[in-house]
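Reader: Please take me through one part of this protein closely: the aromatic rings and what surrounds them. Keep it brisk.

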Amino acid sequence: MKKKFLAAAMAVVMAASLAACGSGSSKETPAADGKETPAADGDLITVGYAQVGAESDWRTANTESFKTTFTEENGYKLIFDDAQQKQENQIKAIRSFVQQDVDYIVVAPVVETGWETVLEEAKEAGIPVILSDRMMQVSDDSLYTAWVGGNFEKEGETCANWLADYLDKQGRADEEINMVTIQGTIGASAQVGRTQGVENVLKDHPNWKMLDKQTGEFTQTKGQEVMESFLKSYDDIDVVICENDNEAFGAIDAIKAAGKTCGPEGDIIVVSFDSVKAAFESMMAGDLNATFECNPLHGPRVEEIIQKLEANEEVDKIQYVDEAFFDTSMDLESILKERLY
Ligand code: GYE
């Protein structure tokens, strides 16, 4: 289906560029008689979305949010690309969006660095680039129009402050606490920010010891593998910080398989980020202690940015989304009923 569509889109683009023949990258190609030729897809706004992959429940919810927002009924043609967590695939997708002369390019960048060249190509083609979810580090911030996503460093700080509070309530404020972290994809801003946020608070707790940090690539399988190896290397882990919920689900399986217990009644405190529905189920089952929210429903937020740009209105360059956290002291059943992801 997708291939067919791409082939058709390429044919349209090729026909359009033949007709344009040297007229630059103007999207509305005047016909020989001087009248505007209608766009091949009517009045639809074409949006290319370079998605990271399908590594987690969060990502699935994010994809769904874009697919249900950028529909033909809403006036869009969405060209969706799943990069399978590889930057090279995302770069290829962005280039193909440029070739197809889409109206907007949206990128959830897998890592923060290495984007300058391809963004310059989009800029030269006059196509606005909107970043969503993770950030990019670029020397020239005119290479993208706006960014919307979570405040990952703040999420990390909230998590570590929660831990301090939790340990305090258990009378363990001065105890030596051994921690490990299962990190996200190294270099992804969700990893960079969350790791940093935890470290900011760690400095104030000399009795907290971070024994090890390793990437679990934001997946359940890798999270489980990393936890298995941590459990083999260290016999006194008090806390495991998982940089997303799916890694925590894997870590919990590893803890149980090793004959240990976790959660509020267990030996090991497990915390994670995202707050997807399955994390609520895990807390209700007594496995996970707390989850720090990261909202994936960026489709409507990006649409709002596009609508403003269409109306020639100013958009805020950096837009953070408000986020909460949830733990087992709350009425999780009622909260879960209202959860959208
Ligand atoms: O936490 C994780 C996903 O970038 C915020 O990516 C996102 C992260 C999210 O794979 O589950």
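Author: Arg-339 lies over the face of Tyr-341, at 4.7 Å from the ring centre.

A word on confidence. This is a predicted model. The average pLDDT of the protein is 91, and 88% of the residues score at least 70. Residues 1-39 stay under 50, and the model has 30 contacts beyond four places in sequence for them. Where pLDDT is low, the predicted coordinates should not be read in detail.

Back to Phe-80. Phe-80 belongs to one aromatic cluster with Tyr-49, Phe-66, Phe-70 and Tyr-76. Across the model, rings with centres within 6.5 Å count as pairs, and the count comes to 11 aromatic pairs. One of them joins Phe-66 and Phe-70. Their ring centres are 5.8 Å apart, with 20° between the planes. Planes under 30 degrees apart count as stacked, so this pair is stacked.

Now Phe-66 itself. Phe-66 is placed in helix α2, residues 57-69. Beyond four places in sequence, Phe-66 contacts Tyr-49, Leu-78, Val-106, Ser-132, His-298, Gly-299 and Val-302. Gly-299 is 233 residues away along the chain, yet the C-alpha atoms of Phe-66 and Gly-299 are separated by 4.3 Å.

Helix α3 is next. α3 covers residues 87-99, 13 residues in total. From first C-alpha to last, α3 reaches 18 Å, close to the 18 Å expected at 1.5 Å a residue. Its buried residues are Gln-90, Ile-91, Ala-93, Ile-94, Phe-97 and Val-98. Seen down the axis of α3, they fall within an arc of 160°, so they line one face of the helix.

What does the face turned away from the buried side carry? There α3 has the exposed residues Glu-88, Lys-92 and Gln-99. Just after the helix, Asp-101 takes a positive phi of about 55°.

Notes
Residues numbered from 1 in each chain as written. Predicted model: local features only at pLDDT ≥ 70, side-chain atom pairs only at ≥ 80, totals over all residues. Heavy atoms only, no water. Phe/Tyr/Trp six-rings, centres within 6.5 Å; stacked < 30°, edge-to-face > 60°. Lys NZ or Arg CZ within 6 Å of the ring centre and 35° of its normal. pLDDT = per-residue confidence, 0-100. Contact = heavy atoms within 4.5 Å. Helix = DSSP H or I, 4+ residues; strand = E, 2+ residues; numbered from the N terminus. Expected span 1.5 Å × (residues − 1). Buried < 20%, exposed > 50% of the residue type's maximum accessible area, 1.4 Å probe, protein only. Arc of directions from axis to C-beta.
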